[in-house]
Amino acid sequence: MRATSRATSRAGAGAGVRAAAAVVVAAAGLTACGLGGSEEESMAGKDSLVIGVKEDQPALGVKRPDGTYEGFDVDVAVYIAGKLGIPRSRLTFRTTNSSVREDALASGTVDMIVATYSITAGRKTKVTFAGPYYVAHQDTFVRADATAINDVRDLKGKRICEVTGSNSWRRVIEERKVAATPVTVNTYGACMDALAAGRLDAVSTDDLILAGFAAGRPGRMINAPFTDEKYGVGLKKGDLKGCEEVNRAITAMYQDGTAGRLLLKWFGGSGLKLTTSVPQFEGCN
Amino acid sequence: MTRTPSHRPTVGTSTSASRSPAGTASRREGRPATFVRGEWLRTIPGRIGTHVALCLAAIGALLGVLTVTVGNARDSVETIGRDAGPQVVATGTLYFALSDMDAQVANILLIGREHRLGLGYDESLRLYERRRAEADAAAVMAAQLAGRDPALRRTVQDVLDGLGKYERLVGQAMKLDEQAAHEPGRLPPDVVEAYREATDLMRLQILPKAYNITLDTGARVRQSYETERSAVLAGRTWVAVTGAIALLFLVATQLYLARTFRRVLNPALVLATLGTLALTAVAAGLLTAHVGHIRTAKEDGFDSVLQLSRARAISHSAFGDESRYLLDPGRADTYEQTYLDKSLSVVYPDMGDKPVNLENYHIGLEQKVRAYEPGREDVPFLGFLGDEARRMEKGRAADALARTLDAYRAVQRNDALMRRYVAAGNRAGAIDVRYRTAMAIHDFGAYDQALGTLTDVHQDAFDEAIDDANDGLRGWTAVPAAGAAAIALLILAGARPRLAEFR
């Protein structure tokens, strides 16, 4: 008799359990879509980072024969990663050329790009930019004896370097409408050689890039900047948390004097006027 | 066997008369022993007691979860609605006030001895003082927001230090300017040099920091919003889960009683079950609505207001670059470039392959913005107002945006006209466009006002969403406790007559 009673009560409870379990599952299902998904995985929470840099820009990003990288961008990346709690031993640097930067971030082959990556409205639709960590300006490098060239308008009638794939010459001739003559050369290194040899009158591009190539060469930076190139830290689109953390790291880099030290270390000898005050950030979105 | 009486009251006999005195006596004797061995669980009153206890515990858990979650929901309103949100917007004033200070200085220096030109010497000076006071107030706000964050405090301090230095430099430039008593737009080199020092400090060191303060405090609001939103959503899940568990226990109790006492339903337990269902469903609904309100406040209100306040500050700064362009011909290229960059950040029309210069900007702006209809999917321009347009549906905000864009085009047409004069070598004509005729100043004022109206639309959406969120939560201090208490009483009321049968 008791056994029957127990059995029925169990069966009753069993039905109740099933019904209630269905409610729980339904409720959990309802709420699950609201949970998570609000923020994608951020690079700020990773244990190790793959960082995209250039391999052929003197003083900014250079690959050494032993396969390691050096330069201002590399040092900046190491500092930022350090502030995010990731030591140098857990960083992997990877050469990321200009043409593949957006794809590399979107596909996740790199977590962060620090490679003279200018923030533009068009790129902002595909990439979340932290920073800028430095605002470079287009400037012009001339032979030491070319005292007549003191600003961009003095390039009228002069031969300037047109590097394949770079827009810098357009900024002089098309945007500024200065009637200079473009001379096509393959790389900025070759431009500097051509300048020294007298086959060109001026090389005009981002001042930090110029300073890197000009190191150890005779010549003069005219210190007449005429554009703002906001070098940003490229992150996967939508990684707002990572972006905010990187901005805090950049603020710290300027506040503790590291930025000034690094600029001096890499560009101090170029005669370039360097800004050691934190740049205006772009805002994370 | 005898210590665990197998009372199975059948229908019609479940009265106290059916109790056997012997059974009661033997149960009393054996109590401590059966309790220790857990055998009390095998008695019917023991089982009823267990059921009731589990139900009450589940209701208690539901009450606890509800209390915590409603508390989290209140916190989220505080953060977005009352504390940080509005304060962050207020720090946007810092950038605006500072950049307008420098613009007023440029105005004063440019007009020289002709004190009635443009806004006029007195008015510009008055505005300068007012912006200085606004900047101070906003810096205090920023310092409060910085709290214990040393990096942010340091940035605020740097801005204030820089401001002190800036004022000294401006004082020198003004003094030299007064001594020179030059005609409008023809500044002696020493005045230009003194102003350069001041404006470089402002534009390259102070303003970026002021801008970063707003970004950083805005980032904190976003982070705490995300945290609190997840907490409320997780809370909602817990409410649903504990509610479901309570329902499970209640249904199980109901079934147990029905089987054991051969009754169809226990009315009090039915009420308790319905009450639990209602409390859980209403609470989950409330929390869902709450998350929606807070989201509206954050995305449609806070984010937009902040974006538009940045657009306003940058527009004023660009307008100042026009003055600086006229004031310092040696740096005309630089100021034209900064004007272009700032304009691009406000509205960036698709210019195709054409070189990005001011001339093409003016052409592209006319083409793309005139063709734009609010509510359309493909917005042919980027920038702050482009972002705004992409968020937009038809309605009050769309009308306000359309008016803002029209006014912005008027401002840019004046700019194009001014630069055409300069390009033609007619600086006096350019100064007339920018200062003597009321047009440029008036049109810029109209643009500023349109932008203000657009901001107000979002501010209203913000206030409304916060009010809705507050209204939703009103009363939810008492509701969970009262509801849980009522349900608990119903459970006890439902179990009591059944237990009474065993006394």
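Which residues of chain A does UniProt list for "domain: Solute-binding protein family 3/N-terminal"? The unreviewed UniProt entry gives residues 48–270 of chain A; UniProt positions follow the numbering used here, feature names are shortened, and annotations may be inferred rather than shown by experiment. The model is predicted: local features need pLDDT of at least 70, side-chain atom pairs count only at pLDDT 80 or more, and totals for chains, interfaces and linings use all residues. Residues are numbered from 1 along each chain as its sequence is written, while chains are lettered from A and ligands numbered from 1 in the order in which they are written.

**Chain A overall**
- Chain A holds nine helices and 13 strands, where helices (H or I, at least four residues) and strands (E, at least two) are DSSP runs numbered from the N terminus.
- The span 48–270 of chain A is 33% helix and 26% strand, and its end C-alpha atoms lie 35 Å apart.
- Of the 285 residues of chain A, 47% are buried; a residue is buried if 20 or more other C-beta atoms, placed from the backbone, lie within 10 Å of its own, exposed if 12 or fewer, and partly exposed in between.
- Among contacts (C-beta atoms, placed from the backbone, within 7 Å) in chain A between residues at least 6 apart in sequence, 72% join residues at least 24 apart.

**Domains of chain A**
- Domain 1 (43–135 + 230–270) and domain 2 (138–221) make up the domain assignment of chain A, with bounds from an automatic or database domain assignment.
- The C-alpha centres of domain 1 and domain 2 of chain A are 27 Å apart.
- Nine residues of domain 1 of chain A contact nine residues of domain 2 of chain A.

**Helix H6 of chain A**
- Buried residues in helix H6 (residues 188–196) of chain A include A:Tyr188, A:Cys191, A:Met192 and A:Leu195.
- The buried residues of H6(A) fall within an arc of 100° seen down the helix axis, so they line one face of the helix; the arc is that of the directions from the helix axis to the C-beta atoms.
- Their cover includes strands E9 (159–163), E10 (181–185) and E11 (202–206) and helix H7 (207–214) of chain A.

**Largest nonpolar core**
- The largest nonpolar core has 226 residues; such a core is a set of buried Ala, Val, Leu, Ile, Met, Phe, Trp, Tyr and Cys residues joined through C-beta atoms within 7 Å.
- Helix H6 (residues 189–261) of chain B gives the largest share of this core, 31 residues.

How values were computed: Contact = placed C-beta atoms within 7 Å.
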